[in-house]
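Here is a briefing on the structure below.

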Amino acid sequence: MKEVLAIVRREKVKAAKDALASLGFSSLHAVEVEGRGKQRGLKYSQSSKEAGMRYLPKKMLSLVVHDGDVAKVVHTILKSSRTGEIGDGKIFVLPIEQVVRVRTGEKGI
Amino acid sequence: MKMVRTIVRPEKVEEVVDALEKAGFVALTKLDVFGRGRQKGIQVGSAVYEDLAKTMLMLVVRDEDAEKVGKTVMQAARTGNYGDGKIFVSPVDDAYTIRTGEKGL
């Protein structure tokens, strides 16, 4: 089992969720986060004054899936949330040791 | 690759981010969290705080950099009091850049 952690643009969340749901991956959780990449946030200048945003708001989606589904989930998120501009985000795949359903106590996804 | 998750005092965040930037670790994700440690929160007079506001910083780095990240954060974030926070390191199998579709950090 793997966790697919995707940090995406907030305006792309619906597209990503819909694309995932249409493939059968409807279980996920989402957290609002702020972040920065290599570019160190945004810098802009207005009338000789320099200003910037150190962090930019993003949404972090998390799906826990079977190993065999990881490639499909990653590809779906990549396709649905890409704009090609800086700030599109990143996807991380992490190993999950155990999954337990709170309602029933069952183990597994 | 390792994911380093650091839970620090909110008022220490900018200091920590500056220190990390200086050490060469620029990319990170920040989120506001609430938590408690072994002390089960704090009591100030008659007010009991079961959970306290903290900030979590998440960085994904190469295996060999995880320790340096941890040391940098600890130095910048430590006050010596209860509530300084914790650092967790977990494995990451893969990373992708959405803009390019490329694999890797």
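A:Leu56 lies in strand β5 of chain A, which covers residues 56–65. Strands (E, at least two residues) and helices (H or I, at least four) are DSSP runs, numbered from the N terminus. This is a predicted model: local features need pLDDT of at least 70, side-chain atom pairs count only at pLDDT 80 or more, and totals for chains, interfaces and linings use all residues. Residues are numbered from 1 along each chain as its sequence is written, chains are lettered from A and ligands numbered from 1 in the order written, and side-chain values use heavy atoms, leaving out hydrogens and water.

**Around A:Leu56**
- A:Leu56 and A:Gly41 are 15 residues apart in sequence and 6.4 Å apart in space, C-alpha to C-alpha.
- Not counting residues up to four places away in sequence, A:Leu56 touches A:Val33, A:Glu34, A:Gly35, A:Gly41 and A:Leu42. Contact means heavy atoms within 4.5 Å.

**Around A:Lys2**
- A:Lys2 lies in strand β1 of chain A, residues 2–8.
- A:Lys2 counts as buried because its relative accessibility is 17%. Buried means under 20% relative accessible area, exposed over 50%, and partly exposed in between (1.4 Å probe, protein chains only).
- The side chains of A:Lys2 and B:Asp93 are joined by a polar contact of 2.6 Å. Such a contact is a pair of N or O atoms within 3.5 Å; within protein, one must be able to donate a hydrogen and the other to accept it, and residues adjacent in sequence count only if both atoms are side-chain atoms.

**Strand pairing**
- β1(A) runs antiparallel to strand β6 of chain A (residues 89–95), joined by 7 bridges. Two strands pair if DSSP finds at least two bridges between them.
- The bridge partner of A:Lys2 in β6(A) is A:Pro95.
- β6(A) also pairs with strand β7 of chain B (residues 94–97), in the antiparallel sense over 4 bridges.
- There, A:Lys90 stands opposite B:Thr97 in β7(B).

**Chain B overall**
- Chain B has 2 helices and 7 strands, in the order β-α-β-β-β-β-α-β-β along the sequence.
- Its C-alpha trace spans about 55 × 25 × 20 Å along the principal axes of chain B.
- Of the 105 residues in chain B, 39% are buried.
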